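Welcome to a short tour of a protein model. Keep the sequence and the 3D view open while you read, and look up each place as it comes along.

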Amino acid sequence: MHELPMAALRSIFGARLQENVPLAHYTTARVGGPADAMVPVNSAEELARTAEQVWELGIPYFVIGGGSNILVSDHGVHELVILNRTRNIRIDTKSSPPSAWAESGANLGSLARQTALRGMSGLEWAASIPGTVGGAVYGNSGANGGDMAGSLILAEILHPQLGRNWWPVEQMSYQYRNSTLKLNKSKAIILSARLKLVQSTPEAVQAKIETLSERRRNTQPPGASMGSMFKNPSGDYAGRLIDSVGLKGHSIGGAEISPLHANFFVNRGTASAADIWNLIRLAREKVAEKTGVDLEMEIERIGDWENGFHA
Ligand SMILES: Cc1cc2nc3c(=O)[nH]c(=O)nc-3n(C[C@H](O)[C@H](O)[C@H](O)COP(=O)(O)OP(=O)(O)OC[C@H]3O[C@@H](n4cnc5c(N)ncnc54)[C@H](O)[C@@H]3O)c2cc1C
């Protein structure tokens, strides 16, 4: 297990450094033990500078955006957590094509709603996704027939080997909920992104967002979760498979497989990360045993999973 060089971190980051921070406050599943150390960043430049400082010292780190696609261990994270609080966005209605630029910590849903107010179409699919632009660029988030692969023009990437560059969408090698950054665990940092828009009217775009949001409200549970737990296997749905093995509504501790949508695992208020992990293992085991399908996780497990009974 890594021990962070706390004295060096205190001397670099001073009052910005937070220690022993409960990460349950920073994840949408509301679970997760403490980060030994966390540093918030408020601009793309500060994010870049922070990354370069930790690379120079060889400090292990992890970037957290909205925390909506990660399951953090109850035993916490022993890497430096860089909390992405960058927020700036700019909507360029006159550029060709029209586009939106956003720092990677901007909330994707609110970016989509702001483009709608300006009468710009293209990001309706993203309006109900709770994470950041950076998280969505990293994992090729998508919904309702749209995804980052279809919306991204360029991503501003700071790469430990390749330096700071604007990557065209092709360089991300997007696949279903995957990218070269996610696949290769490259530890590159997404600083900002430019997304494609199409001229429309505020009324038309907002009506589309409202229809999609209502569909979501009717088919997905409210409450603390990570969204879809597993990727849909080719030609099928993870939720249908979990339902078919009788696990819809099944709970372990405070975690429940939603009775509304079996690919959503909900924290009913008292769940631990271990409860959720045990439900994940049970669902994978039962689905594999009864249907032969090996479900692949869409979310990522983060932190110290070696420690304790749920290793
Ligand atoms: C209720 C609910 C509904 C959801 N619906 C959908 C949906 O419809 N479609 C969908 O695709 N997803 C959905 N999700 C999952 C999630 O919201 C998306 O995957 C989202 O894009 C993750 O972004 P985030 O900022 O929360 O990432 P985080 O969970 O904070 O991080 C995820 C990964 O991205 C990396 N990362 C984040 N920011 C950066 C950065 N700037 N640079 C480098 N790496 C970075 C992290 O290190 C981590 O590896 C849903 C989740 C919830 C809770």
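## Around the ligand

By class, the shell around the ligand has 12 nonpolar, 17 polar and one charged residues. Here Ala, Val, Leu, Ile, Met, Phe, Trp, Tyr, Cys and Pro count as nonpolar, Asp, Glu, Lys and Arg as charged, and the others, Gly among them, as polar. This is a predicted model, where local features need pLDDT of at least 70 and side-chain atom pairs count only at pLDDT 80 or more, while totals for chains, interfaces and linings use all residues. Residues are numbered from 1 along each chain, following the sequence as written.

Which residues come nearest to the ligand? Of the 30 residues around it, they are Gly65, Gly131, Gly134, Gly135 and Gly227; a residue counts as near a molecule or strand if its C-beta atom, placed from the backbone, lies within 6 Å of it. Two or more residues of the shell are given by each of β3 (61–64), α4, β9 and β13 (189–196). Helix α4 supplies the largest share, five residues. Helices (H or I, at least four residues) and strands (E, at least two) are DSSP runs, numbered from the N terminus.

## The overall build

The secondary structure of the protein comes to nine helices and 18 strands. Along its principal axes, the C-alpha trace spans about 55 × 55 × 30 Å. For 311 residues, a compact globule would have a radius of gyration near 19 Å, and the 20 Å of this protein agrees with that. This radius is taken over C-alpha atoms, and the globule rule is 2.2 Å times the number of residues to the power 0.38.

Of the 311 residues, 44% count as buried. A residue is buried if 20 or more other C-beta atoms lie within 10 Å of its own, exposed if 12 or fewer, and partly exposed in between, with C-beta atoms placed from the backbone. Among contacts between residues at least 6 apart in sequence, 66% join residues at least 24 apart. Two residues are in contact if their C-beta atoms, placed from the backbone, lie within 7 Å.

## Three domains

The domain assignment gives domain 1 (6–84), domain 2 (89–219) and domain 3 (238–302); such bounds come from an automatic or database domain assignment. The C-alpha centres of domain 1 and domain 2 lie 23 Å apart. Their contact takes 13 residues from domain 1 and 16 residues from domain 2. On the domain 1 side, the largest share, five residues, comes from helix α2 (residues 44–57). That side has six nonpolar, seven polar and no charged residues.

The ligand brings these two domains up again: its shell draws at least three residues from each of domain 1 and domain 2.

## The nonpolar core

In soluble globular proteins, nonpolar side chains tend to be buried together. The largest nonpolar core in this model has 84 residues. Such a core is a set of buried Ala, Val, Leu, Ile, Met, Phe, Trp, Tyr and Cys residues joined through C-beta atoms within 7 Å. Leu71, Val137 and Ile276 have the most contacts inside it.

Helix α9 (residues 273–291) gives this core its largest share, seven residues. Leaving aside neighbours within four places in sequence, Ile276 is in contact with Ala29, Val31, Leu71, Ala255, Phe265 and Ala271.

## Backbone details to look up

Where is Pro97 placed? Look in the loop between β6 (89–92) and β7 (99–103). The peptide bond from Ser96 to Pro97 is cis, with omega near -5°.

Asn140 is not a glycine, although its phi is positive, at about 50°. Asn140 is found in the loop between α4 (133–139) and β9 (142–143). Is Asn140 buried or exposed? Asn140 counts as buried because it has 21 C-beta neighbours inside 10 Å. Ser173, in the loop between β12 (163–168) and α6 (180–183), also has a positive phi, near 45°. With 15 C-beta neighbours inside 10 Å, Ser173 counts as partly exposed.

Asn218 is found in helix α7 (residues 202–219). Asn218 has 8 other C-beta atoms within 10 Å, so it is exposed. The C-alpha atoms of Asn218 and Leu260 are separated by 8.8 Å, although the two residues are 42 apart along the chain.

Ser121 lies in strand β8 (residues 120–121) and is partly exposed, with 17 other C-beta atoms within 10 Å. Not counting residues up to four places away in sequence, Ser121 touches Leu197, Val198, Ser200 and Val205.
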